[in-house]
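I opened this notebook to record what I looked up in one structure. The entries follow the order in which I consulted it.

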Amino acid sequence: MAEAQPEEKGDGLLSDEAYRQQFNRSNPNFHAGDPTSVPLGGQRVPESMKAHADWMSLPVVESAPVDPAVYGEKYLEAEKTRKGLGKLKKAVAAVQPPAAGVKRHQTVMIDADEAKKKKLDAAIKREQKKLDKALAALKVFLADFPEDSQWGTMIMKICDDQKPGMTDKEHQNWMGYAKKQAQRIFREQKALLGVMKAEKKRYAAEVKAKADAEAGEAKEADPADAAKAKEASAE
């Protein structure tokens, strides 16, 4: 057994050596490979796809955009409201960061020294300016959502309840309300998207039904089909 081990090892080395020689271009045992050039340009097509071999010469057909008006008034109204709510949601989200910044700086100022208080006071003024601008931008949406509507009432509450010197509890309640309203808007947008999809589906069904009816009428008007139908009834 001890003498057989070197022989097995030697055979393994020889086998590995012969394998490597196939890939050595300077060795007589080099396999030389397949000289056939690899076809480029999509000209080599599998047998199962021969019917589409000339696909590159086919003209590019661009689908024409569909006019949303074909889906009906209900679709258009849902689309318009959904877009408006999307902008309103961004406006509601925009008032939250500066409001949080004002409160954060005010809280830190309580235990700050005089030098730091000056810096914090300047930071508060900057955040308050951003907050006033965001609240003013939010009120602009009252032109699309009147005060007596659900979204108009929300806008007024967010703007009216945001006041200087709010307590921690008041600030938390205000922030919580603003965040919940943003979530409510998102849910309403989702519901409106469902309405839009339903109207598209309804329109597609109507188009298909009309096409099927026209195809049936054309078939009945064909003399050859009429003759076949008459023969079949006679039998």
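**Entry 1: aromatic pairs.** I began with the aromatic rings and found that the structure holds three aromatic pairs. I looked up one of them, formed by Tyr71 and Tyr203, and noted that the pair is edge-to-face. The ring centres are 5.3 Å apart, and the planes make an angle of 85°. I then asked where Tyr71 and Tyr203 lie. Tyr71 belongs to the loop between α1 (4-21) and α2 (73-94), while Tyr203 is in helix α6 (residues 168-221), so the pair ties together parts that are 132 residues apart in sequence.

**Entry 2: confidence.** I noted that the model is predicted, and I therefore looked up its pLDDT, the predictor's confidence in each residue. The protein chain has a mean pLDDT of 84, with 81% of its residues at 70 or more. Residues 1-9 have pLDDT below 50.

**Entry 3: α2 and α3.** I turned next to the packing of helices. The axes of α2 and α3 are 5 Å apart, and the packing angle is about 10°. As angles under 35 degrees count as roughly parallel, α2 is roughly parallel to α3. On the α2 side I listed Val92, Ala93 and Ala94, and on the α3 side Gln96, Pro97 and Pro98. By class, this contact of α2 with α3 comprises five nonpolar residues, one polar and no charged.

**Entry 4: α3 and α4.** Helix α3 (residues 96-109) also meets helix α4 (residues 114-139): their axes come within 8 Å and cross at roughly 160°. That angle makes α3 roughly antiparallel to α4. I recorded the crossing of α3 and α4 as left-handed. Among the α3 residues that make the contact are Pro97, Val102, His105 and Met109. The α4 residues in the contact include Lys117, Leu120, Ile124, Glu127 and Leu131. Which classes make up the contact of α3 with α4? I found 10 nonpolar, four polar and five charged residues there.

**Entry 5: α4 and α5.** I then followed α4 to helix α5 (residues 150-161). The axes of α4 and α5 come within 10 Å and cross at roughly 160°. The two helices, α4 and α5, are therefore roughly antiparallel to each other. Their crossing, that of α4 and α5, is left-handed. I listed Leu135, Leu138 and Lys139 from α4, and Ile155, Ile158 and Cys159 from α5, as the residues in contact. The contact of α4 with α5 has five nonpolar residues, no polar and one charged.

Note on methods: Residues numbered from 1 in each chain as written. Predicted model: local features only at pLDDT ≥ 70, side-chain atom pairs only at ≥ 80, totals over all residues. Heavy atoms only, no water. pLDDT = per-residue confidence, 0-100. Contact = heavy atoms within 4.5 Å. Axes fitted to C-alpha atoms, helices over the stretch in contact; angles between N-to-C directions. Helix = DSSP H or I, 4+ residues; strand = E, 2+ residues; numbered from the N terminus. Parallel < 35°, antiparallel > 145°, perpendicular 65-115°, else oblique. Left-handed = near helix turned anticlockwise from the far one by under 90°. Nonpolar A, V, L, I, M, F, W, Y, C, P; charged D, E, K, R; others polar. Phe/Tyr/Trp six-rings, centres within 6.5 Å; stacked < 30°, edge-to-face > 60°.
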